[in-house]
Amino acid sequence: MEENNKSITLIAKVNITYKGESRIAAVYNDRTAILDTGEAVTLSESQFAKVMEKWQKAKDEEDEKAALEAAKAAEEEAEKARKAAERKARKKAAREKAAMEAEEEEKQDAHLRLPRRSYREEFSNVPKRPSLAMIAAATLVYVAVIGGTLFGSTYLLDNYMNKVSVAQLSTQMAKDSQFTPDNLKQLKMPESVYAELNKSAPGGLVLWEDAQGIVGQYIAMDAVKGQYLSYDFVSESRTMANPWIQNLDDDAQLYTIQFDPYQTYQQLLFAGSHVRMKAAMTHLDENGRATPQTSVCSISEAAADYRVDDDEKEEEKAKVDTPKENEEGSEANADGEPQPDENKESEGEKAPETPKPSKPSKAEIKDRFDDIVVVDIINTSNESMFDVYLPLARMTRDDRREFLTEKAKSSGAAAYYARFTPMSLVFALDDTQVSELSKVENMTNAKITYTLLPSSSNEGSAEENSMYLKFMEVQRDVNEIFGDAMATQ
């Protein structure tokens, strides 16, 4: 387990620029960076070198500071031990001196004159010089005190720097793969780093003590080896795909059309929304110039007009290409007499006329765009907005609002809010609808307008209706939280 911890180590939490946006990322020593969105990227050599340089400098400063503090603590402890030993020696000497004085006084009282004593007897009570063994023993005690102090300081420092253990992926995992014990390993990190990373993960990081609880569940998105695991990556079932696209008929075609989002009410516009499409037709004068007059009709009616206009243009072109008849009549024969024209129409007979195309009546035209389901939306960053909404829809209401509130207060609030701006709508159409809509898109005097329709709870499958209601709730939270945040700036 220790070898795995040494092979991939969290280096630092820094700000990096990714796709033009400033992101908070956790950087590991294998050049992997985990963004605050949970996405994993690989840093370039230059980016990684800058992070390593900054990390090494910080690490050296921390090591130097720790060493100085440990040395200072050891010196203080040794000084305390020395002073205690001195105090003890002084107390002992004082007790011995007091005892000697008491003994002298007692002898003087008993004998007025003391007998003459030898030199050996005179100096028998003088403390002896310490032996080498005593000096060696005292030195060992001193070294043991200093070593214990250093060990204790290192132990406490190590516990302070590595007191939170989280779950980490030991292998690369593809979306919808099932968690096994072999996929997980323990990763230790400082409490301060854990607090920051846990704050940036909406669902929170998976603690190592809770890791066994996710075994058998599924990973909700692709992940790389060495990535720390948050609950946003964990799903009790396989990740839900877009149900409006997943449940399409085989003959349906995905058709993408751009539109102006700032002229459309966006509060109910996301995957699963129902729209009515109309064509605003600008009237042209005899010279083909636009007039102030406009009319609104269905896409199918506009396509029918387009077809009739094409047929008339083809007929006019055929007349122009037909060679004119000889205005002088039929050619003369060899005798100078006029040659009768066999092709000339007899009196009273008329050449059959080609029937002109007639515009079908309004009652005959079926409006195929009066209720179209939006299967997906592409935002200004060319992302699928279903994928933008889905992670938020999977969260609880409280967790989602807390996460959005933190995002709204961050420096990248505007960029994140822009991900909810639609730029293109994706529809599932049949061949006839594709033909009619493409004709109207190519008309110079037509503009497509949209009307949002309320979605009924029984119009789609249970899965679609449930997801639609969740998206409505997400949209309300996003608009409320970011609208208030933008208003206060």
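Guide: Buried means under 20% relative accessible area, exposed means over 50%, and partly exposed lies in between (1.4 Å probe, protein chains only). The model is predicted: local features need pLDDT of at least 70, side-chain atom pairs count only at pLDDT 80 or more, and totals for chains, interfaces and linings use all residues. Residues are numbered from 1 along each chain as its sequence is written, and side-chain values use heavy atoms, without hydrogens or water.

Visitor: Which residues of α11 are buried?

Guide: Helix α11 covers residues 431-441. Helices are DSSP runs (H or I, at least four residues), strands likewise (E, at least two), numbered from the N terminus. The buried set in α11 is Q433, V434, E436, L437 and V440.

Visitor: Is D431 buried or exposed?

Guide: D431 belongs to α11. Its relative accessible area is 54%. The cut-off for exposed is over 50%, so D431 counts as exposed.

Visitor: How many salt bridges does a search of the whole structure find?

Guide: A salt bridge needs a side-chain nitrogen of Lys or Arg within 4 Å of a carboxyl oxygen of Asp or Glu. Side chains of opposite charge can pair when their charged atoms come close. Across the whole structure, the salt bridges found number 13.

Visitor: How many residues apart are D367 and K278?

Guide: D367 and K278 form a salt bridge, with closest N and O atoms 3.7 Å apart. D367 sits in the loop between α7 (299-321) and β12 (372-379), while K278 is in strand β10 (residues 274-284). Both are partly exposed, D367 at 21% and K278 at 23%. The pair links distant parts of the chain, and its separation in residues is 89.

Visitor: What is the relative accessible area of D477?

Guide: D477 forms a salt bridge with R401, the closest N and O atoms being 2.8 Å apart. D477 lies in helix α12 (residues 462-488) and R401 in helix α9 (residues 397-409), so the bridge ties together parts 76 residues apart in sequence. R401 is partly exposed, at 24%. D477 is buried, and its relative accessible area is 0%.

Visitor: Which residues do salt bridges that share partners join into one network?

Guide: R401 also meets E480 in a salt bridge (3.0 Å, N to O). That pair again links α9 with α12, at 79 residues apart. E480 counts as partly exposed, at 39%. Through shared partners, the network joins R397, R400, R401, E473, D477 and E480.
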